[in-house]
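Open the model in your viewer and keep the selection tool at hand. The stops below say what to select next and what is there.

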Amino acid sequence: MKTILRKIAIFPVLLYQYLISPMFPGACRYTPTCSQYTKEAILKHGIIKGGWLGIKRIASCHPWGGHGHDPVP
């Protein structure tokens with residue numbers, strides 16, 4: 001049951017990765033990208049904690065934020 005809910009939770013991320021992201025040039029500050037990071041975090045830590053990690057990562061993606069390699073903890 002948990003696996004099904006996690007897959008449902010990452011569905012919007014997959015839609016973004018396959019439909020929206022290809023229309024814009026790559027300008028990611030982090031490796032892996034924020035969408036990939038969020039997907040991995042949800043699969044590894046669950047919907048609540050993984051979603052929170054994804055939100056924090058997206059919020060730090062600005063000119064004064066971090067950059068470089070930042071794997072899911």
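Helices (H or I, at least four residues) and strands (E, at least two) are DSSP runs, numbered from the N terminus. Residues are numbered from 1 along each chain as its sequence is written. This is a predicted model, in which local features need pLDDT of at least 70, side-chain atom pairs count only at pLDDT 80 or more, and totals for chains, interfaces and linings use all residues, while side-chain values use heavy atoms, without hydrogens and water.

Select Phe24 to begin. Phe24 sits in the loop between α1 (2-20) and β1 (30-31). Its relative accessible area is 55%, so Phe24 counts as exposed (buried is under 20%, exposed over 50%, partly exposed in between, with a 1.4 Å probe and protein chains only).

Together with Phe24 they form a nonpolar patch on the surface, with about 900 Å² of accessible area.

Next, go to the cysteines. A disulfide is a covalent bond between the sulfur atoms of two cysteines; here the cut-off is a pair of sulfur atoms within 2.5 Å. How many disulfides does a search of the whole structure find? The search finds zero. Select Cys28: the nearest cysteine sulfur, that of Cys34, is 6.4 Å away. Cys28 is exposed, at 52% relative accessibility. For Cys34, the nearest cysteine sulfur is that of Cys61, 4.4 Å away. Cys34 is buried, with a relative accessible area of 16%.

Last, select Tyr37 and Arg57. Arg57 lies over the face of Tyr37, 4.4 Å from the ring centre (the cut-offs are CZ of Arg or NZ of Lys within 6 Å of the ring centre and within 35 degrees of the ring normal).

Notes:
Patches are made of residues with over 30% relative accessible area and no salt bridge: like charges are joined within 9 Å, nonpolar side chains (Val, Leu, Ile, Met, Phe, Trp, Tyr) within 5 Å. Accessible areas come from the Shrake-Rupley method with a 1.4 Å probe; for residues, only the protein chains shown count as cover. A salt bridge is a side-chain nitrogen of Lys or Arg within 4 Å of a carboxyl oxygen of Asp or Glu.
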